[in-house]
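Student: I have a structure open and want to learn how to read its features. Can we go through it step by step?

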Amino acid sequence: MSILMFLLLATTTTKALGQGTRVGFYLRTCPRVESIVQATVKKHFQSNPTVAPGLLRMHFHDCFVQGCDGSILIDGSSTEKSAGPNLLLRGFDVIDDAKSQLENACPGVVSCADILALAARDAVVLTNGPTWLVPTGRRDGRVSSASDTNNLPAFTDSVDIQKQKFAAKGLNTQDLVTLVGGHTIGTSACQLFSYRLYNFNSSGAPDPSIDSAFLPQLQSLCPENGDGSKRIGLDNGSSDKFDTSYFSNLRNRRGTLESDQKLWTDASTQAIAQRFLGIRGLAGLTFSVEFGKSMVKMSNIGVKTGSDGEIRRVCSAING
């Protein structure tokens with residue numbers, strides 16, 4: 001599929017799902033918004049490439065709690081940002097930097113929620129991933145509560161639980177496999193999967209779903225009772241490049257997270273992963289194209305538009 005056709009499809013999807021967002025929302029009020037965000041993300045990426053997966057995860061975690069409203073950016077002792085699932089996120093400084101520049105260029109115009117949506121796209125592009133048209137026009141939420149993060153997808157979730165959590169946000173099984181495929185870039189802390197390596201489900205043995213040749217590699221990287229904060233690639237051998245090797249690793253029983261590997265054990269999710277890999281006998285799917293479509297769909301979850309919400313002056317604090 002050509003880039004032009006993909007962008008036209010993305011525009012059509014946006015009109016169908018946009019709930020008030022649209023591509024080019026700031027064309028007259030802040031025409032440089034995308035170039036400013038793009039340059040800011042690139043500058044930070046060049047000095048610290050880990051901001052790319054960080055920004056992608058941040059957008060995902062934002063959209064799954066209170067909708068895509070930038071509520072994850074708010075500082076405080078009991079906000080989403082302070083909750084367990086979000087403590088290891090990175091890239092907040094990128095959003096703050098972009099917001100500062102945009103406030104100078106077009107004061108009070110661009111929302112933090114939109115900056116995050118744009119930054120997530122630009123981060124994927126920098127890892128050799130696809131581009132897509134990002135609908136904008138979101139407004140920033142005024143509520144951010146740590147307790148609302150309890151329903152975020154978790155690394156121990158079964159496929160059925162993952163499906164339920166995605167369906168609750170209007171996302172189907174293909175969106176689930178596609179968006180979790182974002183784990184093709186980035187890392188995980190040992191503490192989120194080391195339980196699989198030694199005493200899985202209190203069995204006294206490792207998770208049997210882990211490839212026997214891969215297990216000692218993981219054990220050497222994450223020793224029992226070792227440093228739980230040490231970070232390991234989610235896509236073994238290719239954690240800094242957006243590609244389909246993530247799905248190859250699942251096929252080869254080399255998924256790092258339990259919830260990721262489970263996608264290969266369920267018939268419905270495995271079939272989608274197989275289509276991304278172009279396995280013979282199945283109608284192929286192009287991961288990079290589908291990823292852009294699913295990101296547009298996700299980025300319109302529960303958006304606030306019109307007079308709902310606000311345009312924050314700084315992304316880390318509610319106005320007033």
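Student: Where is glycine 306 found?

Tutor: This is a predicted model. Glycine 306 sits in the segment after H13.

Student: Is glycine 306 buried or exposed?

Tutor: Exposed means over 50% relative accessible area. Glycine 306 has 58% relative accessibility, so it counts as exposed.

Student: What are the length and reach of H13?

Tutor: Helix H13 covers residues 287–298, which is 12 residues. From first C-alpha to last, H13 reaches 16 Å, close to the 16 Å expected at 1.5 Å a residue.

Student: How many residues of H13 are buried?

Tutor: Buried means under 20% relative accessible area. In H13, 9 of the 12 residues are buried, so the helix is largely enclosed by the rest of the structure. Among the buried residues are Phe287, Glu290, Phe291, Ser294, Met295 and Met298.

Student: How do I read the packing of two helices?

Tutor: Two packed helices are described by the angle between their axes and the distance between the axes. Take helix H7, residues 173–180, against H13. They pack at an angle of about 110 degrees, with axes 9 Å apart. H7 and H13 are therefore roughly perpendicular to each other.

Student: Which residues make that contact?

Tutor: H7 gives Gln174, Asp175, Thr178 and Leu179. H13 gives Phe287, Glu290, Phe291, Ser294, Met295, Lys297 and Met298. By class, the contact of H7 with H13 has 5 nonpolar, 3 polar and 3 charged residues.

Student: At what angle do H3 and H13 cross?

Tutor: Helix H3, residues 51–63, crosses H13 at roughly 40 degrees, and their axes come within 10 Å. That makes H3 oblique to H13. The contact uses Leu56, His59, Phe60 and Cys63 of H3. From H13 come Phe291, Met295 and Met298. By class, the contact of H3 with H13 has 6 nonpolar residues, 1 polar and no charged ones.

Student: Where does UniProt place the "binding site" feature?

Tutor: An unreviewed UniProt entry places "binding site" at Thr184, Asp235 and Asp243. These residues span 60 residues in sequence, yet no two of their C-alpha atoms are more than 9.4 Å apart, so they gather at one spot.

Student: Where does aspartate 235 lie, and what does it touch?

Tutor: Aspartate 235 lies in the loop between strand S2 (231–233) and helix H10 (245–251). At 0% relative accessibility, aspartate 235 counts as buried. Leaving out residues up to four places away in sequence, aspartate 235 touches His183, Thr184, Asp243, Ser245, Tyr246 and Asn249.

Student: What does UniProt place at residues 20–319?

Tutor: The unreviewed entry gives "domain: Plant heme peroxidase family profile" there. The span is 39% helix and 2% strand, and its end C-alpha atoms lie 23 Å apart.

Student: Now backbone angles. What is phi of asparagine 128?

Tutor: Phi of asparagine 128 is near 70 degrees, a positive value in a residue other than glycine. Asparagine 128 is in the loop between helix H5 (112–126) and helix H6 (159–167). Asparagine 128 is exposed, with a relative accessible area of 58%.

Student: And what is phi of asparagine 201?

Tutor: Phi of asparagine 201 is near 50 degrees, a positive value. Asparagine 201 is in the loop between helix H8 (195–198) and helix H9 (215–221). With a relative accessible area of 61%, asparagine 201 is exposed.

Notes
Residues are numbered from 1 along each chain as its sequence is written. This is a predicted model: local features need pLDDT of at least 70, side-chain atom pairs count only at pLDDT 80 or more; totals for chains, interfaces and linings use all residues. Side-chain values use heavy atoms; hydrogens and water are left out. Helices (H or I, at least four residues) and strands (E, at least two) are DSSP runs, numbered from the N terminus. The expected span of a helix is 1.5 Å times one less than its number of residues. Buried means under 20% relative accessible area, exposed over 50%, partly exposed in between (1.4 Å probe, protein chains only). Axes are lines fitted to C-alpha atoms, for helices over the stretch in contact, and angles run from 0 to 180 degrees between N-to-C directions. Angles under 35 degrees count as roughly parallel, over 145 as roughly antiparallel, 65 to 115 as roughly perpendicular and the rest as oblique. Contact means heavy atoms within 4.5 Å. Ala, Val, Leu, Ile, Met, Phe, Trp, Tyr, Cys and Pro count as nonpolar, Asp, Glu, Lys and Arg as charged, and the others, Gly among them, as polar. UniProt positions are given in the numbering used here, feature names are shortened, and annotations may be inferred rather than shown by experiment.
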